[in-house]
Amino acid sequence: MARDGTTRGGADGGTDGRADSGAAPDENTVTALVAAAGAAPSMFNAQPWRFRYLRDAVTLQLRAALDRTLPHADPHGRALHLGCGAALFNLRVAAAGAGWEPVVTLLPDPYDPRLLATVRLAAAVSPDLELARLRPAIPERHSSRQPFRDELVPEPVRAALRRAAELEGAELHFPSAWHVRAILELVRDAEGRDRDTPARAEERERWTRDGDAARTATDGLLEEALGPRLSYGGFPVRDATARRSAFAGGDPTPYEEEPQLALLGTGEDRPADWLRAGQAMERVLLLATGYGLSTGLTTQVLEWSELRWPVRDPESGMGQVQMVIRLGYGPPVPGSPRRPVDQILEIV
């Protein structure tokens with residue numbers, strides 16, 4: 001990252017919508033880039049982003065969609081920034097894969113907090129092939145709430161994931177077994193608090209799609225994808241029994257005995273840090289997908305300020321935990337519904 005707050009990345013140039021010196025991307029290329037950005041994960045799959053393409057400046061703006069906020073689960077907008085950061089990273093990857101160098105500036109206007117980033121598309125001078133190679137993983141990455149096999153993620157893969165986070169200015173730490181157990185107890189506490197807070201339950205219900213709504217959904221969580229009933233509480237997947245429907249019944253399903261968790265964090269806890277953490281999170285998730293790993297995101301324990309601090313592993317020295325990531329080897333899962341590009345992109 002440069003001192004002016006910009007970051008760069010790119011890939012080989014070419015034809016058919018790819019970067020050429022002095023050229024600008026056509027509308028189809030811009031649409032494809034934003035479609036890739038919109039495949040990012042977000043809390044409750046709210047997809048709290050909008051993009052505006054400025055033709056003359058050859059620049060995409062990433063803006064927060066304030067009508068898609070979660071006032072109870074995310075009152076300060078931290079999760080919104082994480083999701084938008086993930087969308088920003090996907091945009092960078094897609095641009096690099098198409099031969100463009102995405103020049104990113106975070107929070108460019110202090111008087112417009114909804115403007116989270118700008119991305120100028122320049123012809124690639126120094127192709128970022130490592131970034132471009134993540135492009136095929138974007139449509140393959142899906143959050144999983146299914147049980148994983150009791151198979152350890154190899155240390156070389158863990159090391160690669162740690163490096164991926166570091167490239168985006170974040171830290172990825174794999175806590176010890178005793179700290180994982182402590183996190184599970186905190187998750188149990190968070191789940192209980194959620195059940196005792198009607199406004200949170202109602203908010204989650206508002207973003208859960210079932211029946212006819214699930215068949216035509218373009219956002220939210222499909223009830224059938226929320227995973228089977230947990231065999232015990234305190235697991236880093238939202239308890240399926242907390243939602244309405246017949247899915248809550250039946251025999252509980254055993255998950256892995258020792259879930260493999262990773263803590264992703266930053267030194268500070270400001271909006272710019274949240275955006276960087278979102279980019280680091282998505283880089284880790286895409287790389288993990290390329291390694292054949294299943295991944296899931298845990299946020300409930302981070303939604304309560306008094307529980308978030310103890311999630312830290314004192315052995316890591318991490319400043320602020322921004323996400324708990326569950327990794328392992330599990331069955332393939334379907335993707336979440338996505339909003340059409342014409343609902344999230346404006347070209348001016």
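Helices here are DSSP runs of H or I with at least four residues, strands are E runs of at least two, and both are numbered from the N terminus. Counted this way, the protein has 10 helices and 12 strands. Please keep in mind as you read that this is a predicted model.

Let's start with the overall picture. Of the 348 residues in the protein, 55% are buried. Among contacts between residues at least 6 apart in sequence, 76% join residues at least 24 apart.

**The nonpolar cores**

In soluble globular proteins, nonpolar side chains tend to be buried together. In this model, the largest nonpolar core holds 65 residues.

**Two partners for helix 8**

Two packed helices are described by the angle between their axes and the distance between the axes. Helix 8 (residues 271-290) takes part in two such pairs, and we can begin with helix 4 (residues 155-167). The axes of helix 4 and helix 8 come within 8 Å and cross at roughly 150°. Angles over 145 degrees count as roughly antiparallel, so helix 4 is roughly antiparallel to helix 8. The crossing of helix 4 with helix 8 is right-handed. On the helix 4 side, the residues in contact are Ala160, Leu161, Ala164, Ala165 and Leu167, and they meet Ala280, Arg283, Val284, Leu287 and Ala288 of helix 8. By type, the residues of this contact are nine nonpolar, no polar and one charged.

Next comes helix 2, which packs against helix 8 at an angle of about 55°, with the axes 7 Å apart. That angle makes helix 2 oblique to helix 8. Helix 2 also passes helix 8 in a right-handed crossing. From helix 2, the contributors include His81, Leu82, Leu88, Phe89 and Val93, while those from helix 8 include Trp274, Leu275, Met281, Glu282 and Leu286. The residues of the contact between helix 2 and helix 8 comprise 12 nonpolar, five polar and four charged.

**Loop residues worth a look**

Most residues other than glycine have a negative phi. Glutamine 47, although not a glycine, has a positive phi of about 50°. Valine 58 is another non-glycine residue with a positive phi, near 50°. Where do these residues sit, and are they buried or exposed? Glutamine 47 is found in the loop between helix 1 (27-37) and strand 2 (49-54), and valine 58 lies in the loop between strand 2 and strand 3 (59-64). The cut-off for buried is under 20% relative accessible area, so glutamine 47, at 1%, counts as buried, and so does valine 58, at 17%. Serine 336 belongs to the loop between strand 11 (320-328) and helix 10 (341-344).

Here are the accessibilities of these loop residues:

| Residue | Relative accessible area | Class |
|---|---|---|
| Glutamine 47 | 1% | buried |
| Valine 58 | 17% | buried |
| Serine 336 | 34% | partly exposed |

How values were computed: Residues numbered from 1 in each chain as written. Predicted model: local features only at pLDDT ≥ 70, side-chain atom pairs only at ≥ 80, totals over all residues. Heavy atoms only, no water. Core = buried A, V, L, I, M, F, W, Y, C linked by side-chain atoms within 4.5 Å. Buried < 20%, exposed > 50% of the residue type's maximum accessible area, 1.4 Å probe, protein only. Axes fitted to C-alpha atoms, helices over the stretch in contact; angles between N-to-C directions. Parallel < 35°, antiparallel > 145°, perpendicular 65-115°, else oblique. Left-handed = near helix turned anticlockwise from the far one by under 90°. Contact = heavy atoms within 4.5 Å. Nonpolar A, V, L, I, M, F, W, Y, C, P; charged D, E, K, R; others polar.
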